[in-house]
Amino acid sequence: MFYKIMFSVMVFCITLSNAYAQHGKLHVGTTLHPYYAYVANIVGNQGEVIPLIETGFNPHNYSLSPADISRLKNMDALVVNGIGHDDFALDGFNRIKPQGVTLIKANDQVPLLRKNHKVNPHTFVSIDAAIRQVYAIAKSLGQLAPEHAKYFSKNAFLYAKKLRALKKPVQDILINHDLSNVRIASTHNAYGYLLQEFGLTVSAVVEPAHGVSPSASQLQQTINEIKKADIDVLFTELNMANSYVDVIEKATGIKVYHFSHMTHGQYSQDLVEREMKHNLTMLAKALTFAASKSGNTL
């Protein structure tokens, strides 16, 4: 039995080593823009990051093309959100079962938010959850390329330090405000993890699903809920046409702020830092306004 186990381990390692040796560097695939940034910062010059899908796709209704499948088969690993935001990749991976490609589920160690037993998959729109994912990815990649494990771990630490530093200016601004009575609505339940870091929750979600406009009756119900709950601010998605937001704004007098969902545009190594800085700036403005509106300044 011992020799059978050792033989199985040797075969597994040889499979990985052959793929790695063929490329010279780890070829790591990613499904979403934030994961591209995470991996690029982790692997540095010891790996190549390959987006599984070209830009401009909608992850909520996508299926893998022949070109995507070809890219997948030539990877050493594929990093996925794995909890609902890139099911197209998981479905394709499980169907194709690409030999020698390791699936890395970035959220395995992240405490998840749930509503009505449904997991909120938007962990990447968060500093704390992003850092947990970065460390998990670095550990998994280090297991695939042990000679670079320390390098990946160090890069992950330095990247996490950069992300964590983004919060300090916002914390310095908000420390003088009482946020205990601030009430927030959102057109997309993507910001729960970020708000949680500041002790906040979303009181009302407008969209029935991402990218789906509410019906007239749903819209009226939301307007009534916002008025009844005395919502202070509404967060909506940047680069998304939400015409009904104007209706809500006029009907309720609520203040609207735009957040980046971080899944649009070109893939880039600095995307998370850049977009998260924008989100945190908007968050500071929104919460400062909400606190001053109700006179909750310490």
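**View 1. A network of salt bridges links Asp 128, Lys 167 and Glu 197.** The model is predicted, so local features are described at a pLDDT of at least 70 and side-chain atom pairs at pLDDT 80 or more, while totals for chains, interfaces and linings use all residues. Residues are numbered from 1 along each chain as its sequence is written, and side-chain values use heavy atoms, with hydrogens and water left out. A salt bridge is taken here as a side-chain nitrogen of Lys or Arg within 4 Å of a carboxyl oxygen of Asp or Glu, and a search of the whole structure finds 6 of them. In the pair formed by Lys 167 and Asp 128, the closest N and O atoms are 3.4 Å apart. Lys 167 counts as buried at 8% relative accessibility, whereas Asp 128, at 38%, counts as partly exposed; buried means under 20% relative accessible area, exposed over 50%, and partly exposed in between, with a 1.4 Å probe and protein chains only.

**View 2. Salt bridges join Asp 172 to Lys 168 and Arg 274 to Asp 270.** The closest N and O atoms of Asp 172 and Lys 168 are 3.0 Å apart. Because these two residues are 4 residues apart in helix 7, about one helical turn separates them. An α-helix has 3.6 residues a turn, so residues three or four places apart point the same way. Asp 172 is partly exposed, with a relative accessibility of 43%. In the other pair, the side chains of Arg 274 and Asp 270 meet at 2.8 Å, N to O; Arg 274 is partly exposed at a relative accessible area of 39%, and Asp 270 is partly exposed at 40%.

**View 3. Helix 2 (residues 33-43) is mostly covered.** Just after helix 2, Gly 44 adopts a positive phi of about 55 degrees.

**View 4. An open sheet of 4 strands has the order 2-1-3-4, with parallel pairing.** Strand 2 and strand 4 (102-105) are the edge strands, each pairing on one side only, and the twist from one strand to the next averages 25 degrees. Two strands are said to pair if DSSP finds at least two bridges between them; strand 1 and strand 2 pair in the parallel sense over 5 bridges, and Thr 30 stands opposite Pro 51 in strand 2. Helix 5 lies across strand 1, strand 3 and strand 4, and runs at about 160 degrees to strand 4, where axes are lines fitted to C-alpha atoms, for helices over the stretch in contact, and angles run from 0 to 180 degrees between N-to-C directions.

**View 5. Leu 179 is buried in the loop between helix 7 (167-174) and strand 7 (184-186).** The relative accessible area of Leu 179 is 13%. Leaving aside neighbours within four places in sequence, Leu 179 is in contact, meaning heavy atoms within 4.5 Å, with Leu 174, Leu 200, Leu 287 and Ala 291. Leu 179 and Leu 200 are 21 residues apart in sequence, and their C-alpha atoms are 7.9 Å apart in space.

**View 6. Asn 116 and His 117 lie in the loop between strand 5 (114-115) and strand 6 (118-119).** Asn 116 has a positive phi near 55 degrees although this residue is other than glycine, and counts as exposed at 69% relative accessibility. His 117, likewise not a glycine, has a positive phi of about 70 degrees and is exposed, with a relative accessible area of 81%.
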